[in-house]
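Hello,

Here is the structure for your files. My notes on it follow below.

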Amino acid sequence: MIRKFLFLIVFVSISGVSLAQYVEVQANYNAIGDCIFSANNNAKVPMYLHINFADLENTTFNEPLPYIKKLEPGFNDLFTLQRDLDAGVPRFNYEIKTFRSNPTANVDLNFPYLIPFREGTTTKVFDVKSIDGFWGAENPDSWYATGFETNSAKDILASRNGIVAEIVGESRGGEARYWYHTWTNSITLFQADGTLVCYHNVRCNPNEIAVGQKVYAGQKIGEIADKTGKLIVLIFHDSLFNKEMSFVIPQFVVNADGKAEIVNSASQYQVFHPVSIQELEMTKREKRKYLRDK
């Protein structure tokens, strides 16, 4: 049996910040000469892998293009390059990239996000005039963020189901290549549609929330970090064909019936968390466990 192992550490650079993720891609030849690809995601949250073959001999690549694979934490099967039985073993050259979010995300722009305060809270929407420091020294050419302000609440709740990808306090530590952005006092979640959401000006309790943990719409994820009562929410994802992120303009729930709309700056809203919205991305078991008292 011929065995070939390819171990690759991939680095993706966005706006000068090195966002390295360790993804191990393995290609094994079996007894008949087929080449079986797999990958190991060493992160605690899902990652996305892009593989591009520049050259193929004695085989064909039959997967949809571009090949984008969501990698769950741990081991992941990918695909098999089947040997042309009238030729030798498959030979190939390829490049891979990894992304923290889905670089080809098909975003539902009408998805109803919860305003991230306790139900019954009154909040004012304000214009976010700058996201300086989000990408370090550089800002994207095009971006969108939503600002909420309240004096009647301190708890921050998840607007949508997600997996905790990063928690940052008043200062950052560790290697910059592992950062999702450069903001402090923030929590970043990986969402079901492959996007990321960053809540900025948040203080999290490490005993209540941890990286890799799944959280649900309406679940407490932190508190306002200072006395301003202001919270900034950004929803964004990678782009396969350029270096800049794509930002999402979300719609938030504005009444008890679950109506969602793009919120207006300088307007006040009462916070509603209808069960019909909270349960949208929950399994039956999760509904019974987390919404039984609703």
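**Glutamate 286 and its surroundings**

Leaving aside residues up to four places away in sequence, glutamate 286 touches Lys214, Tyr216, Glu281 and Leu291, where contact means heavy atoms within 4.5 Å. Please keep in mind that this is a predicted model, in which local features need pLDDT of at least 70, side-chain atom pairs count only at pLDDT 80 or more, and totals for chains, interfaces and linings use all residues. Residues are numbered from 1 along each chain as its sequence is written, and side-chain values use heavy atoms, with hydrogens and water left out.

Glutamate 286 sits in helix H2, residues 284-290. Helices (H or I, at least four residues) and strands (E, at least two) are DSSP runs numbered from the N terminus. Glutamate 286 counts as buried because its relative accessibility is 11%; buried means under 20% relative accessible area, exposed over 50%, and partly exposed in between, with a 1.4 Å probe and protein chains only.

**Cavities**

There are 2 cavities of 30 Å³ or more. A cavity here is a set of points, on a 1 Å grid over the protein atoms alone, where a 1.4 Å probe fits but cannot get out; lining residues have an atom within 4 Å of a point. Grid points are joined across faces, edges and corners, and a volume is the space filled by probe spheres set on the points.

The second largest cavity has a volume of about 40 Å³. Its lining includes Phe111, Pro112, Arg160, Ile277 and Glu281. Glu281 is also one of the residues that glutamate 286 touches.

**Backbone points in the loops**

The peptide bond from leucine 65 to proline 66 is cis, with omega near -5°. Proline 66 lies in the loop between strands S5 (47-57) and S6 (67-71).

Asparagine 185 is not a glycine, yet has a positive phi of about 45°. The loop that holds asparagine 185 runs between strand S13 (162-168) and strand S14 (186-191). With 18% relative accessibility, asparagine 185 counts as buried.

Alanine 266, also not a glycine, has a positive phi of about 70°. It is in the loop between strand S22 (260-261) and strand S23 (268-270). Alanine 266 is exposed, its relative accessible area being 60%.

**The chain as a whole**

The chain has 2 helices and 23 strands. Its C-alpha trace spans about 70 × 45 × 35 Å along the principal axes. Of its 294 residues, 50% count as buried.

Regards

Technical notes
On a 1 Å grid over the protein atoms alone, a cavity is a set of points where a 1.4 Å probe fits but cannot get out, and a pocket is an open set with protein on both sides within 12 Å along at least five of seven lines; lining residues have an atom within 4 Å of a point.
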